[in-house]
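Q: I would like to learn how to read a model of this kind, feature by feature. Could we begin with the chain as a whole and then work down to single residues?

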Amino acid sequence: MTVTAARPAPAADAGLAPDAAPPGLETSRLHFTRAGALVIDGVDCTIPHGRLGAIIGPNGAGKSTLLHLIAGVLNGDGGTVSHGGTRLDTATRRARARVVALAEQHADSQLELSVTDAVLLGRTPHRSLFAGPGADDHAIAARCLADTGAAELADRLYRTLSGGERQRVNLARALAQEPRLLLLDEPTNHLDIRAQLDTLALVSRLTERGLTAVAALHDLNLAAAFADHVIVLAAGRVVAAGAPASVLTSELIREVYGVHAEVLRHPTTGRALLAFSALPADDSGADDGADAAAGTAATAARVSA
Amino acid sequence: MASPAPAAPPAETARLVVPGAPNDKSRSLGARGRRPRGRGQRGRSGVVAAVLGLALAASVLLAIAIGPADLSPAEVLASVLHHLGLGGLFGLEPLSPLRDGIVWELRLPRVLTAAAVGAGLALCGTVMQALMRNPLADPYLLGLSSGASLGAVSVIVLGAAIALPVAAFLGALLALGATLLLAGGGGLSPSRTILGGLAVSAIFGALTSLVIFWSATGDSYREILNWLLGSLAGARWPAVVIAGTALLVIGLPLLFSGTVLDAFAFGDTAASALGIPVTRVRWLLLGATALLTGALVAVSGAIGFVGLVLPHAVRLLVSRGGAGPGHQALLPLSALAGAIFLVWMDTGARTLFDPRELPVGILTAIVGGPVFALIMLRNRRVG
């Protein structure tokens, strides 16, 4: 599968010269055990301030868990999380929610909520628990809906929205928290290609205003096209991290995903573009990627079986 | 910009999502697509609260007057004012001792108990539905009421009536724990929770019946019915004190949990990411509902469906273009509506087949059962 990578290539040093900027997200020796199994195993990762970081890795690598640990939704069994030089893991839950927002992969409500009410929930950590939302909160909710291109949905019922509209509203809810660190769990899931590109372009614009964003992504081409910094997780460990061009190599993808990837150059944006094919049965490596598309579907079942 | 795609205004994509297309996750249920007209939700809730408050006061006066003694609401008011020491102020004639006794010793405490129990059960239902994200959650369906009945009946048998509310609370807590355990701990699926509640209700209901049957000296069948279906026939001032105190001490603080309950709209993870200490809040609030249910069941038996029906009725009443009110409005409105509802249900229970008493739970089930079915049909996603 190939995706038209849309974002122009960043400056060559993107993600490599954080010295001038304040520190962004930093985790140190983060680990987490679930049912006796180590799900996150000593993760050290750094996303520079005001950058879009992508967490990639196969199913079960711990991407969502890592985001949940950073958000404080799960409590780790050890390690630290900080943003902008401030420790988050020792902060109160409410103080943390003023800095970090999490846009979940699946967000659903059985209540008959209006879209505005759903976005106003994002104001919860900023307002008194005993008063209703004020005029400020309404103004911020309206602005966040406008930012995500969902202003005209404001009076709709959340339950009547399409998948793409919901993703926008969920993003608006996270932005209404006025976070300095935005975590996105599969923000492009269930979106058509245009909505995928729009969503990541929006997040990428937000990072230009000083927001640090971290997105767990399945689609490596989206990561290659939009991320400033890529972190590769496998079995709960960081196996590589850095600028997309240096991380997304044929060797790494074979090692982590067990498939062959041809790394091409996008003709218009100049960013990395990956074409995948299944590894041949003898795992001998270098084959040509020309018949990749045809071969992938045919061998996928065999590989996974 | 090399490619136009990401530069296009995102608003256009929102329109590109075609309803019914594979990426359209909208549900046809409740997807009426109507747009709420304007705001003013809070103003509307305020008006509804005022109307319900007046309706409750009127209901109490009227309900006391209804019955065999042919009392008028004016007489009821006169009796109440005299007892409050305000009779002279309005130049009212005192009632004859017999009629005054009917008002002050029998009907007023019964009606006040009904109001307190109704308000409390409706509050419990609202809180449980929000915390469990389950539109069918209610103290009766989840077995809390049966557990409380068993606790209450057990201490009555043991002759320790002083400990009645405490035992009922412990019973409710035990039942809640058992239901949650059966439902599977963390990710509470609504239907598993209801099934767990069903099992727990059956067991605790049967044990309650056994204890009564084993110990009863008089009409054990009536006793069993009163505990299992609920009855306010025996409610006198001590019942008002128990139910009223529970409502003030536990119910009143619950009214302030609205913002926290709202944060659960998208589930535990979302609530936690909004800064809510989910686990602590859940146990605190569920513990409070068990405590409140225990105190209420101790004076009324297990009256069903009040906690289930009222929050939904209020949502319909206050909804604008289909969007329901937030919990800050829903909690007090449900409590008021629950009080009015149970006052009239109990009035029906004691007058419909006069001089025989109907257990009030039969009437609440006649209203509540169909509502339960309706919610199930409307909300097929509960699964």
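A: Let us start with contacts, where two residues are in contact if their C-beta atoms, placed from the backbone, lie within 7 Å. In chain B, 75% of the contacts with a separation of 6 or more are between residues 24 or more positions apart; for chain A the corresponding share is 66%. This is a predicted model, in which local features need pLDDT of at least 70 and side-chain atom pairs count only at pLDDT 80 or more, while totals for chains, interfaces and linings use all residues. Residues are numbered from 1 along each chain as its sequence is written, and chains are lettered from A and ligands numbered from 1 in the order in which they are written.

Q: How many helices and strands does chain B have, and what percentage of its residues count as buried?

A: Helices (H or I, at least four residues) and strands (E, at least two) are DSSP runs, numbered from the N terminus. By that rule chain B has 15 helices and zero strands, whereas chain A has ten helices and twelve strands. A residue is buried if 20 or more other C-beta atoms lie within 10 Å of its own, exposed if 12 or fewer, and partly exposed in between, with the C-beta atoms placed from the backbone. Of the 383 residues of chain B, 53% count as buried, and of the 305 residues of chain A, 50% do.

Q: Is Leu232(B) buried or exposed, and with which residues is Leu232(B) in contact?

A: Leu232(B) lies in the loop between α8 (220-229) and α9 (237-254) of chain B, and it counts as buried because it has 29 C-beta neighbours inside 10 Å. Apart from neighbours within four places in sequence, its contacts are Arg110(B), Thr113(B), Ala114(B), Ser300(B), Asp346(B) and Val360(B). One of these, Thr113(B), is 119 residues away along the chain, yet the two C-alpha atoms are separated by 7.6 Å.

Q: What should I compare that with in chain A?

A: Consider Glu255(A), which belongs to helix α9 (residues 250-257) of chain A and counts as partly exposed because it has 13 C-beta neighbours inside 10 Å. Glu255(A) and Pro133(A) are 122 residues apart in sequence, and their C-alpha atoms are 50 Å apart in space.

Q: Which residues have the most contacts inside the largest nonpolar core?

A: In general, nonpolar side chains tend to be buried together in soluble globular proteins. A nonpolar core is here a set of buried Ala, Val, Leu, Ile, Met, Phe, Trp, Tyr and Cys residues joined through C-beta atoms within 7 Å. The largest has 200 residues, and Val119(A), Leu183(A), Ala115(B) and Ala243(B) have the most contacts inside it. Helix α4 (residues 97-132) of chain B gives the largest share of this core, 19 residues. Leaving aside neighbours within four places in sequence, Ala115(B) is in contact with Leu56(B), Val60(B), Ala339(B), Leu342(B) and Val343(B).

Q: In what order do the six strands of the open sheet in chain A run?

A: Two strands pair if DSSP finds at least two bridges between them. The order is β6-β7-β8-β3-β9-β10 in chain A, with mixed pairing. Strands β6 (100-103) and β10 (237-242) of chain A stand at the edges with a single partner strand each, so one side of each is left without a neighbour in the sheet. From one strand to the next the twist averages 15°, axes being lines fitted to C-alpha atoms, for helices over the stretch in contact, and angles running from 0 to 180 degrees between N-to-C directions. Helix α5 (residues 163-176) of chain A packs on this sheet, touching β6 and β7 of chain A, and its direction makes about 170° with that of β6(A).

Q: Which way do the residues of β6(A) point, and how does β6(A) pair with β7(A)?

A: In a regular strand the side chains alternate between the two faces of the sheet. Here Val100(A) and Leu102(A) point one way from β6(A), Ala101(A) and Ala103(A) point the other way, and all are buried. The pairing of β6(A) with β7(A) is parallel, over four bridges, and Ala103(A) has Leu184(A) in β7(A) as its bridge partner.
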